[in-house]
Amino acid sequence: MAGTRPALPDATTDSFLSEALSEANAYRAKHHAPPLTMDAKLVEYAKSRAASRSEYEKLSAGHDGLRDGTGENIYWGAGSAGQPKTAADAVTSWYNEITNYNWDDPPGDFARTGHFSQLVWKGTTRVGAARVAGQGTDYYETYIVFVFEPPGNYEGQYRENVLKA
C-alpha cells in the first residue's frame, strides 16, 4: 500500500550505521545485554521500511506491513535546519522511555516503553538501521528505523530480557 506522498531520499551512511550500532550497544551494555551485530540484510530491510514510513505524515504509517519475526523501532524528527537527525537522537529518544518502565510489573504502559524494552532486549542479537531525510510537507524531516531479530517485547519474558542498569 503506497502512502500519500513520495518517499524521502535515503540518508543512510556508513558513519550513521557506525553511530547507530555504538549508541545502541552502549545502552545495552548498561542493562547487561550482549552487543548487537549490524546485519547487512537487515540494513536493506530497514531502508525499505524507512522509505515506506516516510510516504505518510509523521508517524501515521505505524508498523503496518512489518514482517513476522522482526521487531521495529521508528523515530521521526523534524526541523528547519536541512540536516538529518542522528542515530544518537533516535536511540536516546527510545532509551528515555525507561522513565515510564514499570520494573515491578513490566513493562508497564507498553505504548510508552516498547522502544526502550526492544532496544535493551537481551535475547535480540542482530539489528539493521536506516535513515531517510528530506523536505516534507512542512518541515525538513528524518525517519530512522531500526529492525531487530529476534524481536523482543514478548509477554511474560520481560524480567529475563530487560535487566536493570
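Contact is taken here as heavy atoms within 4.5 Å, axes are lines fitted to C-alpha atoms, for helices over the stretch in contact, and angles run from 0 to 180 degrees between N-to-C directions. The model is a predicted one, in which local features need pLDDT of at least 70 and side-chain atom pairs count only at pLDDT 80 or more, while totals for chains, interfaces and linings use all residues. Residues are numbered from 1 along each chain as its sequence is written, and side-chain values use heavy atoms, with hydrogens and water left out.

Secondary structure elements are DSSP runs numbered from the N terminus, with helices (H or I) of at least four residues and strands (E) of at least two. Two strands are said to pair if DSSP finds at least two bridges between them. On this basis four strands form an open sheet of mixed pairing, in the order S1-S3-S4-S2, and its edge strands, S1 (37–38) and S2, each pair on one side only. Helix H2 (residues 40–53) packs on this sheet and touches S1, S2, S3 and strand S4 (140–149), its direction making about 35° with that of S3. Helix H3 (residues 87–95) lies across S2 and S4 and runs at about 115° to S2.

The pairing of S1 with strand S3 (residues 126–135) is parallel and extends over two bridges; Thr37 has Arg126 of S3 as its bridge partner, and Met38 stands opposite Val127 in S3. S3 and S4, by contrast, pair in the antiparallel sense over ten bridges and form a hairpin with four residues between them. Within this pairing, Gly128 stands opposite Val147 in S4, and Gln135 has Tyr140 as its bridge partner. S2 and S4 also run antiparallel and are joined by nine bridges, with Gly77 opposite Thr142 in S4.

Eight of the ten residues of S3 are buried, so S3 is largely enclosed by the rest of the structure. S4 is mostly covered, ten of its ten residues being buried. In a regular strand the side chains alternate between the two faces of the sheet. In S4 both faces are covered, with Tyr140, Thr142, Ile144, Phe146 and Phe148 buried on one side and Glu141, Tyr143, Val145, Val147 and Glu149 buried on the other.

Ser15, in helix H1 (residues 14–30), is exposed, with a relative accessible area of 55%; its C-alpha atom is separated by 10.0 Å from that of Thr86, 71 residues apart along the chain. Glu160, in helix H5 (residues 158–161), is partly exposed at 44%, and lies 8.9 Å from Gly123, C-alpha to C-alpha, at 37 residues apart in sequence.

The largest pocket holds about 240 Å³ of space. Of the 15 residues that line this pocket, the closest to its centre are His63, Glu72, Phe110, Gly114 and Asn153, and the elements that give two or more residues to the lining are strand S2 (71–79) and helix H4 (114–120). A pocket is an open set of points on a 1 Å grid over the protein atoms alone, where a 1.4 Å probe fits, with protein on both sides within 12 Å along at least five of seven lines, and lining residues have an atom within 4 Å of a point. Grid points are joined across faces, edges and corners, and the volume is the space filled by probe spheres set on the points. The lining divides into five nonpolar, nine polar and one charged residue, where Ala, Val, Leu, Ile, Met, Phe, Trp, Tyr, Cys and Pro count as nonpolar, Asp, Glu, Lys and Arg as charged, and the others, Gly among them, as polar.

How values were computed. Buried < 20%, exposed > 50% of the residue type's maximum accessible area, 1.4 Å probe, protein only.
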